[in-house]
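Please consult the sequence and the structure shown here.

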Amino acid sequence: MGKIKDQYQKLQEQAQKLTLSPDVIQIRVGSATCENASGAREVAEEFKKNIVVYGSDNVKLLTVGCTGRCSCEPIVSVSKPGKKMVVYQKVDRETAHKIFVSHIKEDRLVEESLLGDASIYNTNKSQTAYSPSQQNLAGFPMTEEFLKLYGDIPFYNSQTRIALRNSGIINPESLHEYISRQGFLGLNIVLDKADPEWVVDQISIAKLRGRGGGGFPTGKKWHLARMSEEKIRYVVCNADEGDPGAFMDRSLLESDPFSVIEGMIIAGYAIGAQKGFFYIRAEYPLAVERVQKAIDLCHKEGLLGKDIWGTGFNFELEIRLGAGAFVCGEETALIHSIEGERGQPRTRPPYPVVKGLWNKPTVINNVETLANIPAIMVMEANNFNKIGTAVSGGTKVFALAGKVNHTGLVEVPMGTSLREVVFGIGGGIPNGKKLKAVQTGGPSGGLLPYSVIDTPIDYDTLAASGSIMGSGGMIVLDEDDCAVDVAKFFLIFTQDESCGKCSPCREGTLRMLEILERITSGNGTLEDLVNLERLANLVKKASLCGLGKAAPNPVLSTLKHFRDEYLAHVVDKRCPAKKCAALIRYEIDPEKCVGCTACARVCPVKCITGERKFAHIIDQKQCIKCGACFNICKFSAVKKT
Amino acid sequence: MNNNLKNVCCSGDCSKNEKDCIEASRDLFPENILKFIEQCLKDEHPNSQLITVLHKVQDHFGYLSPQTMDAVAYLMQIPAAKVSGVASFYHYFRLKPCGKHVISVCLGTACYVNGAEAVLKKFSEELGIKEGETTHDGMFTLEIARCLGACALAPVVKIGDDIHSQVTPDKVPFIISSCLKK
């Protein structure tokens with residue numbers, strides 16, 4: 001048995017040999033889709049140029065994934081020998097040059113571009129003590145590295161990173177960098193133990209639940225697949241991240257594909273599968289490219305393929321692309337799509353763990369779930385389950401976006417409160433506005449009002465509040481967002497994505513949408529509200545698959561928490577958030593209007609009249625409520641009511 | 001468009017036999033696609049690669065025409081009805097030709113609450129086309145994307161492989177003119 005450990009030792013030694021010497025100055029530049037969109041490629045080029053121009057052989061430019069601090073991208077970090085790593089934000093070509101000349105050459109920090117306060121970087125000692133959940137990560141190079149590097153910087157310092165442990169630290173296209181941080185140690189432990197049953201038990205002890213949204217216990221799922229009498233079994237990684245507002249799967253696959261691959265190999269071993277599929281959205285070309293590269297590298301190193309480490313265990317991985325159908329995130333629809341069919345769901349049971357791909361037992365796990373698996377094996381299930389709540393172990397990654405100061409990826413222990421995520425790590429709402437609600441779970445979730453801000457976030461607590469965990473999309477809404485309009489937005493989405501197989505979803509969502517359109521255009525009645533609620537409950541009960549069953553959630557949760565807003569639309573014909581165009585009115589305050597004629601000139605329907613230097617008037621009958629006059633007026637004379 | 005695209009296949013009303021049809025289908029596709037299909041046919045589940053093949057065809061031609069879909073059907077030995085059934089089910093597959101620059105305005109939740117609708121409207125006004133349409137000169141196609149997964153930079157617009165972040169309506173004319181320079 002020692003043989004397997006020896007092989008890993010050899011792999012480790014190889015990786016360590018390739019690791020950069022500590023005397024080298026390292027510049028890390030992010031390279032995920034969002035980083036590239038903010039201009040990281042140009043920044044990397046600038047550094048490359050500078051290295052050549054200054055002939056700096058001891059400076060190395062490293063390409064890494066995404067640290068998750070999206071609104072400050074491109075992020076650049078500089079590590080000098082014996083010094084604390086310094087992180088810069090919103091770097092462009094010019095700043096990159098400055099960093100090179102002043103920080104790298106002369107040791108003067110470029111203070112105006114630092115991420116966080118300069119005092120963090122001017123000391124070599126760590127200032128932040130580990131939180132109780134972070135303490136569980138200490139002692140493992142795999143999970144502690146992130147804390148060591150980023151632990152003092154606000155936004156990162158209160159996160160507990162397990163799934164995102166390597167994101168932003170390693171080069172996503174380098175196997176040896178992954179291995180040098182205890183990569184594939186998890187697989188090594190599993191193969192050395194040679195007891196698949198034990199692996200499944202560990203996952204159960206870890207209290208790991210499906211991160212894709214359903215929250216089904218992963219250990220139980222694996223156990224069910226193991227029980228099958230069928231010999232051929234499959235593992236599928238669900239990377240069809242269709243939820244608008246969620247992007248952690250993309251970021252993970254682009255920043256650390258190896259951990260997901262290792263998770264899949266362990267899953268394959270545990271359930272007795274020899275083949276696994278990645279089902280990735282075609283909208284994520286970079287993720288597809290990196291996963292394919294990672295698979296090829298693993299093949300070369302004998303970590304995939306036949307007889308892995310001489311254990312007789314064979315495992316192959318293949319990528320299948322999605323093609324832009326939201327319903328394919330539903331597991332039976334996903335199976336049909338991999339089989340090359342229209343992605344329509346079917347009734348369950350039989351569940352995929354009994355009859356899945358080509359009628360064989362199939363375990364479908366989400367990207368984030370799989371990324372946790374190697375960490376559980378290395379840090380041990382009993383340490384993993386100390387993080388999180390009594391019923392749900394570990395952390396959850398949230399994609400924080402919308403009206404919040406610090407947008408990006410946030411990984412916190414299960415049971416953390418919404419307040420901590422939105423106001424603590426997220427830094428609150430911009431422009432001094434008030435928080436109205438937090439939308440979780442995408443089109444299948446709901447709106448959580450301010451009143452539940454202190455509720456610990458977990459699968460069960462969110463369900464009790466009328467939303468769902470979903471894949472972790474978290475969109476923050478402020479007072480300018482209309483609850484009815486948001487419900488309508490999601491219904492347009494689900495109505496369009498309804499596959500058409502069952503009538504409750506196909507027809508029900510359409511009728512619900514019609515009612516919502518009536519309400520937002522000012523033609524709603526009280527009877528509409530009653531019908532909307534009845535219909536929503538019916539669609540929820542009678543639909544075939546998860547998409548239909550969850551489609552009414554945005555409507556039901558807004559009816560529950562924001563009923564007075566619906567009533568304002570229906571009874572007073574007024575949109576309190578001033579969002580629904582048909583219900584707002586633009587008027588010119590004659591006291592403030594100076595008669596500059598700017599509004600009259602910009603009006604597309606020419607419905608504003610008035611003499612120069614005299615107050616103007618809007619003809620309400622002709623006004624199309626485009627808001628052009630409101631936006632152009634410099635004297636705040638145009639009022640929106 | 002390639003002249004070969006015409007008359008590749010029968011809709012049951014020509015006199016060609018199946019062998020000729022398969023030959024004609026082969027002529028349509030470049031070597032890499034033909035090779036991939038051949039590979040698939042040796043697979044344990046050849047039909048399961050249909051979506052992958054359609055992706056490759058769309059990458060090459062820009063869209064899926066009835067002719068190319070029929071050719072896929074012949075080469076993969078899958079009923080043509082199923083091929084078009086699959087192609088029309090998925091949003092990602094385009095059944096009409098598209099312009100040189102495909103502009104996808106993301107209307108995911110984060111983009112929506114951050115004002116993507118106004119951006120879409122501005123593109124529509126500037127280009128004189130609605131979503132799903134292509135300009136007369138064949139330069140631009142305007143599309144709506146569900147979510148491009150760059151939510152933290154909302155609102156985003158994807159043109160070709162580039163993602164433009166934090167787009168506002170007043171940036172739109174500049175974005176369009178920078179495309180024209182390419």
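The contact, meaning heavy atoms within 4.5 Å, takes 51 residues from chain A and 37 residues from chain B. This is a predicted model, in which local features need pLDDT of at least 70 and side-chain atom pairs count only at pLDDT 80 or more, while totals for chains, interfaces and linings use all residues. Residues are numbered from 1 along each chain as its sequence is written, chains are lettered from A and ligands numbered from 1 in the order in which they are written, and side-chain values use heavy atoms, leaving out hydrogens and water.

**Buried area**
- Chain A and chain B bury about 3,500 Å² between them, with 57% given by carbon and sulfur atoms; buried area is the accessible area (1.4 Å probe) that two parts lose on being put together, summed over both.
- A:A323, A:R342 and A:F489 supply 16% of the area that chain A buries against chain B, more than any other three residues.

- The interface of chain A and chain B holds 3 salt bridges, each a side-chain nitrogen of Lys or Arg within 4 Å of a carboxyl oxygen of Asp or Glu.
- A salt bridge joins the side chains of B:R146 and A:E497 at 2.3 Å, N to O.

**Helix packing in chain B**
- The axes (lines fitted to C-alpha atoms, for helices over the stretch in contact, with angles from 0 to 180 degrees between N-to-C directions) of α3 (residues 50–61) and α5 (residues 80–89) of chain B come within 11 Å and cross at roughly 70°; helices are DSSP runs (H or I, at least four residues), numbered from the N terminus.
- α3(B) is therefore roughly perpendicular to α5(B), a term for angles of 65 to 115 degrees.
- B:L50, B:I51 and B:L54 of α3(B) meet B:V83, B:V86 and B:A87 of α5(B).

Technical notes. Helix = DSSP H or I, 4+ residues; strand = E, 2+ residues; numbered from the N terminus. Parallel < 35°, antiparallel > 145°, perpendicular 65-115°, else oblique.
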